[in-house]
Structure formats: structure tokens, C-alpha cells
Amino acid sequence: MKGSLPFLLVCLLLTACVSHDPSLSVALPLPRPPSEPIPEALSLEDAVRLALTHNPDLQLRAIEPLIAGTFLAREQARFAPEVFAEVSRREARSSETARATGEQFNAEVEQTRISGGVQQTLPTGTEITLSARQLAESSNRAPDQEEARLALSLTQALLQGGGRSSLLTVERARRGIDLSHAEFAGFVEALVTEVELAYWQFWLAEQAIAITRQAMEVAEIQLSELRSRIEVGQLPRNEEAVALAELSRRRQDYVDATANLERRRLDLLGLLKPGEHLARFRATALPDLPEADLAESLELRARLALTHRADLREARLRREQRQLDTQLTRNGLLPRLDFFAELAKTGFGPDRGAAWSDIDGDSYDVQAGLRFSRSLGERAEDSRHAEARFREEQADLALRNLESRIELELKLALNELDRALRQVELSQDTRRFQQLTVEAEVERFNAGAGTALQVAQAQRDLLSALIAEQRARVQARSAYLNLLRSEGTLLDRRGITP
């Protein structure tokens with residue numbers, strides 16, 4: 001079977017062309033961990049972990065990279081080999097006239113056709129088809145005949161679609177996966193930021209409850225002592241109204257603080273596990289002052305931001321996508337010029353075996369040529385290319401604009417952190433001096449030189465100072481959190497890899 005050797009080599013070549021590429025695989029989602037209850041003593045680390053595990057918005061966003069992976073698989077599938085087959089049968093009855101005698105006769109023909117093969121489009125813009133055909137024909141005017149045919153055809157794009165241009169869509173899909181990962185990382189960073197902010201607001205609401213409850217208890221004790229002094233005639237009756245008003249005000253503050261704590265609890269639960277709105281817990285972490293070195297250069301933080309910020313990675317990937325779009329539409333401006341060639345061997349015989357045996361004979365047919373096409377008039381390709389160039393320019397401007405804003409964001413974040421740290425120190429001083437003021441007013445009141453109203457005002461200011469001190473600590477933590485997010489290192493510092 002010497003004639004079969006070239007076709008065997010072609011089959012081996014096609015097999016090599018379609019070998020599996022492990023880089024084309026798409027990652028599958030990991031199974032979700034089992035649900036865990038919210039601990040009664042909730043640490044900051046627990047809150048972040050619960051949000052990353054059970055937050056419904058995060059679970060929705062986690063599917064986006066998987067969807068992007070399907071786009072890549074779809075583009076890669078264009079280069080997968082395709083098997084085709086066809087079976088048909090034809091019966092015909094017609095009237096024919098013999099040229100020699102002019103006699104008219106009926107002709108009956110039956111044909112059975114079986115064909116199949118494999119075809120593939122290569123990344124170089126090449127289309128290869130290897131096919132085989134079996135044709136059986138019987139007629140009442142001629143002896144039965146079988147035809148066997150093997151053919152190898154090739155079409156190569158020389159202009160539009162030629163070279164590696166067909167891989168541009170695959171590269172664009174790869175950028176789409178990277179882009180979805182960058183967007184997901186940005187969402188994770190935003191979620192972690194929101195969880196930490198909500199956690200500290202919940203902690204502050206708990207502190208406000210404790211401070212307000214203590215102030216209410218102090219007001220009740222002072223009212224009791226004041227009534228005792230009124231009963232023995234040391235104070236006039238109208239001093240009781242001042243103490244009653246102050247106690248009522250403390251109760252009002254406690255009601256507001258209780259409602260605020262419930263709101264902060266629900267806000268935090270909405271980020272952790274919205275379905276468990278009845279869960280009760282307390283915050284165990286303390287808003288320690290951030291260990292930020294404000295002396296670090298702005299240039300160092302800016303360099304960190306250029307390499308770590310998820311929104312910058314996203315902007316760069318969008319620009320690369322736009323550049324690939326421009327290359328695609330530029331290739332679409334070219335006319336279509338294809339080179340095609342086909343080599344076929346055909347065998348004939350009275351039966352199937354004889355026909356395939358005859359395929360090693362001298363019969364063959366070869367054809368080759370060029371095929372050209374180009375649209376005329378107003379071309380849609382021109383408008384698509386213009387749109388792609390405009391979008392590429394837009395993406396480039398957006399990237400440069402984002403890069404120019406980084407330094408400003410970092411300056412603002414550093415300025416806010418410096419202000420918050422100073423406020424912590426000053427709020428501590430204010431609270432300490434206000435405590436001395438309350439003690440002084442109480443002494444004056446006990447000595448008969450002051451009034452209950454003055455004591456109440458001093459205690460009211462002390463209550464505000466105590467809450468302000470804790471609020472200042474929370475603001476310092478929040479300012480440091482914003483600084484980490486501005487330089488893009490928040491997730492790295494938390495040990496989180498999205």
C-alpha cells in the first residue's frame with residue numbers, strides 16, 4: 001500500500017497539531033465550607049473570616065472569574081479539531097436520448113454516498129481538512145461502479161485572518177480572566193475595609209452603651225443623695241428638678257445608644273451572614289493605635305500603590321484589552337486573500353474493495369489557487385476600527401488619570417491619619433481635665449458654693465468627652481485602614497490572597 005504512506009503522515013501531523021495544551025484548562029470553583037455560627041465573643045479576625053466565607057455578594061462576585069474562563073475556553077475551542085460525516089442516497093429516473101440513434105430511453109440511477117473526515121483551524125489562519133468518500137452508483141444503462149476518494153485540502157489566509165491574528169481573541173479572553181481577578185481582588189479589598197469599619201463602629205456603639213449606662217446610674221445615685229439632703233433641709237426643693245431632668249436626659253441618651261447599637265449590629269451582620277439577624281455577639285478586639293510610620297516617604301507609598309492597587313491593575317488590563325481590540329479591527333481592514341490547495345486520490349472498481357484497492361493507481365487530481373474578496377462602499381470595518389482606537393485612547397487616559405490621583409489620595413490619607421492620631425492624644429487630655437472639673441464641681445456643690453445644675457453640666461461634658469475619646473481611637477484606626485487601602489497593601493497585610 002505504497003500510496004497510503006502520504007496520508008498516514010498527514011494523519012500523524014494532524015494528531016500532533018491537536019495535542020492537548022495543559023495551559024488551556026479552566027480552574028473549577030472550590031466547594032463552599034460548611035456554615036459556622038457567629039461566636040458570641042467576636043474578634044476582628046473572626047469577622048473578616050466570616051465575611052470572606054459567607055458574604056452573599058462575595059459569593060456572587062466569585063463566579064465572575066469562572067464565567068471569564070468560559071470565554072477563554074470558547075475562543076480556544078475554535079482551534080479544536082472537528083469530525084464530520086455525511087450519508088446520503090439518491091434515486092433518479094429520467095428520460096434520455098441516444099446521440100447515435102436518436103432513440104429515447106428511460107434511465108434509472110441509484111447512488112449511495114458516504115463521506116467523512118476531520119478538519120481543523122490552526123492559530124496561523126490555516127484550515128486543514130482530511131476527508132474520505134465512498135460513492136456507489138448503479139444504473140440500468142451502465143454497469144455498477146464504486147468510487148473511493150481520499151483528499152487533503154488546505155486554505156491559508158494571507159491577509160485578513162493571516163499570521164497569528166486569530167490568536168488575538170484568545171489573548172483578549174485571557175486578559176478578561178486577569179481583569180475579572182483584578183475586579184474580584186478590588187471587591188475583596190472593599191469588603192474587608194467595610195467589615196473592619198463596621199466592626200469598629202459596633203465596638204464604639206458598645207462603648208457608648210456602657211458609658212451611657214454608667215452615667216445613668218451615677219445620675220440615679222445623685223438624685224437619691226440630693227433627695228436625702230432636701231429632706232434634712234440642706235438643699236431647696238427646686239434642686240430636685242435639675243437632678244430629675246439630668247436623669248431623664250441620661251435615659252434618653254441610653255435609648256438612643258441602644259438603638260444605635262442594634263443598627264450597628266445589623267450593619268455588621270449584613271456583611272457577615274445576613275440570614276442570622278438574631279445572632280448576638282460582642283466585639284472583643286480593641287482599637288489599638290495604628291503602628292504607622294508617618295515618616296515613611298510618600299514616594300515609597302506611591303511605588304507600593306503602583307504595584308499593589310487592584311484598580312490600577314484593572315485599568316492596565318482594560319488598556320491592554322483595548323489595544324488587542326485595535327489590532328483585531330486593524331486586521332479586519334485588510335482584504336481577504338486566501339491561498340487554497342487540494343490533493344486527492346480516487347479509485348474505481350466494480351465493488352467497494354476493488355475501488356479502495358485502485359486508490360494506489362495513477363489517478364489523482366490536484367488544484368491550487370487564490371481567492372480574493374473585499375467589501376465596497378461604506379465599510380463597517382472602518383467604523384469598528386475607529387471605535388476601537390477611540391476606546392484605546394480612552395482607556396489610556398483613564399489609566400494616566402488614575403495614576404495621577406494616587407499621590408493626592410496618599411497625601412490626604414496621611415494627613416487624615418496624622419489628624420486622627422493628634423485627636424486621640426487631645427481627647428485623652430480633654431477627658432482627664434473634664435474628670436477634674438466634675439470633681440471640682442462636686443466639691444463646690446457639697447460645700448454649698450455650687451449648684452446641681454453646674455454639676456450636671458460638668459458630668460454631661462464628661463460623658464461627651466468619654467465617648468469622644470473612644471470615637472477618636474476608632475477614627476485613628478479607620479484613617480490607618482484608609483491609608484493601607486490607598487497604597488494597595490491592605491490584603492497583603494491581612495494575609496488575604498483573593
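Predicted model: local features only at pLDDT ≥ 70, side-chain atom pairs only at ≥ 80, totals over all residues.
**Overall make-up**

The protein chain has 498 residues, and 37% of them count as buried. Its secondary structure consists of 12 helices and eight strands. Take the contacts between residues at least 6 apart in sequence: 77% of these join residues at least 24 apart.

**Helix packing**

Two packed helices are described by the angle between their axes and the distance between the axes. Two pairs are listed here, and H10 takes part in both.

| Helix pair | Axes come within | Crossing angle | Contact residues |
|---|---|---|---|
| H8 and H10 | 8 Å | roughly 160 degrees | seven nonpolar, five polar, 14 charged |

Angles over 145 degrees count as roughly antiparallel, so H8 is roughly antiparallel to H10. H8 also passes H10 in a left-handed crossing.

**Nonpolar cores**

In soluble globular proteins, nonpolar side chains tend to be buried together. In this model, the largest nonpolar core has 54 residues. Leu-42, Val-195, Tyr-199, Leu-268 and Leu-272 touch the most other members. The elements giving two or more residues to this core are helices H2 (44–54), H5 (168–231), H6 (239–272), H7 (298–308), H8 (310–332), H10, H11 and H12 (490–493). H5 provides the largest share, 12 residues.

What does Leu-272 touch, leaving aside its neighbours within four places in sequence? Leu-272 is in contact with Leu-42, Ala-47, Leu-50, Ala-51, His-54, Asn-55 and Val-195. Another core, of 11 residues, lies apart from the largest one. Among its members are Leu-235, Ala-243, Leu-247 and Val-455.

**Phe-187**

Phe-187 is found in helix H5. Is this residue buried or exposed? Phe-187 has a relative accessible area of 18%. Buried means under 20%, so Phe-187 is buried. Leaving aside its neighbours within four places in sequence, Phe-187 is in contact with Asp-57, Leu-58 and Arg-61. Asp-57 is 130 residues away from Phe-187 along the chain. Their C-alpha atoms are separated by 9.3 Å.

**Gly-347**

Strand E7 covers residues 336–349 and includes Gly-347. With a relative accessible area of 0%, Gly-347 is buried. Which residues does Gly-347 touch, not counting those up to four places away in sequence? They are Glu-146, Glu-147, Ala-148, Ala-355, Asp-358 and Ile-359. The C-alpha atoms of Gly-347 and Ser-357 are separated by 7.1 Å. These two residues are 10 apart along the chain.

Notes: Residues numbered from 1 in each chain as written. Heavy atoms only, no water. Axes fitted to C-alpha atoms, helices over the stretch in contact; angles between N-to-C directions. Helix = DSSP H or I, 4+ residues; strand = E, 2+ residues; numbered from the N terminus. Core = buried A, V, L, I, M, F, W, Y, C linked by side-chain atoms within 4.5 Å. Buried < 20%, exposed > 50% of the residue type's maximum accessible area, 1.4 Å probe, protein only. Contact = heavy atoms within 4.5 Å. Parallel < 35°, antiparallel > 145°, perpendicular 65-115°, else oblique. Left-handed = near helix turned anticlockwise from the far one by under 90°. Nonpolar A, V, L, I, M, F, W, Y, C, P; charged D, E, K, R; others polar.
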